[in-house]
Amino acid sequence: TNRFLTHYSFKSNTLEKNTTYEFPYIYYPGYEITYDGIPIEYFESSNGLVAIKMEPEYGTYYELNYVGTKIMNISKIISFTSLCLFGVYVYKKH
């Protein structure tokens, strides 16, 4: 298991079909979860955490990253651009 801020990865040996694994992160849209490099779907568990269904396999590598939603990333770009334009406006005013 490797955990750092919004990155979490682990290697799994799953023995039972439809095993539910809860990640130690509160559910929000914008997570990207891969299984041996292949993106998989996730859902909100009954505890409000990010969860996935796992199939019986040996030595599977799972990785979770929070990348945000498209709207969130567009909003960041708009905010940064607005901040730069405001800075130019203030600089030219004085």
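Tutor: Happy to! Methionine 54 touches Phe10, Ser12, Thr14, Glu16, Lys17, Asn18, Thr19, Tyr21 and Tyr62, leaving out residues up to four places away in sequence. Contact here means heavy atoms within 4.5 Å.

Student: What should I know about the model and numbering?

Tutor: This is a predicted model, where local features need pLDDT of at least 70 and side-chain atom pairs count only at pLDDT 80 or more, while totals for chains, interfaces and linings use all residues. Residues are numbered from 1 along each chain as its sequence is written, and side-chain values use heavy atoms, with hydrogens and water left out.

Student: Which residues make up the largest nonpolar core?

Tutor: There are twelve: Tyr8, Phe10, Phe23, Tyr25, Tyr31, Ile33, Tyr42, Val50, Ile52, Met54, Tyr62 and Leu64. Such a core is a set of buried Ala, Val, Leu, Ile, Met, Phe, Trp, Tyr and Cys residues joined through side-chain atoms within 4.5 Å; buried is under 20% relative accessible area, with a 1.4 Å probe and protein chains only.

Student: Which element gives the largest share?

Tutor: Strand S7, with three residues. Strands are DSSP runs of E, at least two residues, numbered from the N terminus.

Student: New topic: why is S2 largely enclosed?

Tutor: Six of the eight residues of S2 (residues 7-14) are buried, so the rest of the structure largely encloses it.

Student: And how does S2 pair with S8?

Tutor: In the antiparallel sense, over seven bridges; pairing requires at least two DSSP bridges between the strands. Threonine 14 has glutamate 57 in S8 as its bridge partner.

Definitions and conventions
Buried < 20%, exposed > 50% of the residue type's maximum accessible area, 1.4 Å probe, protein only. Helix = DSSP H or I, 4+ residues; strand = E, 2+ residues; numbered from the N terminus.
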